[in-house]
Amino acid sequence: MSDVSTIMKNQSRIRNISIIAHVDHGKTALTESLTHVHMDVGEEKERGITIKSAAVSLKIGRIEYDKEEKMESEKEYLINLIDSPGHVDFSSEVTAALRIPDGAIC
């Protein structure tokens with residue numbers, strides 16, 4: 001498997017994805033299950049909601065057909081996943097999180 005810094009040099013292998021939905025619809029739970037990292041800390045943990053957008057990077061491999069080599073090979077991608085708040089009081093955080101991504105999971 002390639003090092004993350006090697007993947008970062010090839011922008012065609014980087015995807016920026018934002019997770020957006022209403023409050024309590026599992027955005028942070030999805031991010032935590034994909035990364036195995038607990039996301040809510042401090043005030044967010046006390047209040048039980050996401051207040052600030054948080055970004056995590058995932059390195060994934062995918063089998064693709066290589067036209068030059070005329071065979072299948074594993075290509076690695078860097079997925080930058082942005083977990084955004086769902087509460088209307090933090091809509092400015094959501095707006096900022098939506099300026100970055102190539103796509104969104106709703």
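Are Asp66 and Lys75 buried or exposed? Asp66 is buried, and Lys75 is buried as well; here buried means under 20% relative accessible area, exposed over 50%, and partly exposed in between, with a 1.4 Å probe and protein chains only.

Before going further, a word on the model. It is a predicted one, where local features need pLDDT of at least 70 and side-chain atom pairs count only at pLDDT 80 or more, while totals for chains, interfaces and linings use all residues. Residues are numbered from 1 along each chain as its sequence is written, and side-chain values use heavy atoms, with hydrogens and water left out.

**The overall layout**

The protein chain has four helices and four strands, arranged along the sequence as α-β-α-α-β-β-α-β. Helices (H or I, at least four residues) and strands (E, at least two) are DSSP runs, numbered from the N terminus. Of the 106 residues, 38% count as buried. The chain exposes about 7100 Å², of which carbon and sulfur atoms supply 52%; accessible areas come from the Shrake-Rupley method with a 1.4 Å probe, and for residues only the protein chains shown count as cover. Taking contacts (heavy atoms within 4.5 Å) between residues at least 6 apart in sequence, 61% join residues at least 24 apart.

**The hairpin and its salt bridges**

Strands E2 and E3 run antiparallel and are joined by 13 bridges; two strands pair if DSSP finds at least two bridges between them. Together E2 and E3 form a hairpin with four residues between them. Lys70 sits in that loop and is exposed, at 64% relative accessible area. Its phi is positive, about 55°, although Lys70 is not a glycine. Most residues other than glycine have a negative phi.

Glu64 has Ser73 of E3 as its bridge partner. Glu64 counts as buried because its relative accessible area is 18%. Its side chain also takes part in a salt bridge, meaning a side-chain nitrogen of Lys or Arg within 4 Å of a carboxyl oxygen of Asp or Glu. By this rule the count is two, and both are listed here:

| Salt bridge | N to O distance |
|---|---|
| Arg62 and Glu64 | 3.3 Å |
| Asp66 and Lys75 | 3.2 Å |

**The core**

Which residues make up the largest nonpolar core? There are seven: Ile17, Ile19, Val56, Leu58, Tyr77, Ile79 and Leu81. Such a core is a set of buried Ala, Val, Leu, Ile, Met, Phe, Trp, Tyr and Cys residues joined through side-chain atoms within 4.5 Å. Strands E1 (14-19), E2 (54-66) and E3 (71-83) each supply at least two residues of this core, and E3 gives the most, with three. Leaving aside neighbours within four places in sequence, Ile17 is in contact with residues including Ile79, Leu81, Pro101 and Ile105.

**Out at the surface**

Ile105 also belongs to a nonpolar surface patch with Leu30 and Leu34, about 220 Å² of accessible area together. Patches are made of residues with over 30% relative accessible area and no salt bridge, with like charges joined within 9 Å and nonpolar side chains (Val, Leu, Ile, Met, Phe, Trp, Tyr) within 5 Å. Leu34 is found in helix H2 (residues 27-35) and counts as partly exposed because its relative accessibility is 44%.

Finally, Val23 lies in the loop between E1 and H2 and is buried, at 19% relative accessibility. Val23 and Ser84 are 61 residues apart in sequence and 9.9 Å apart in space, C-alpha to C-alpha.
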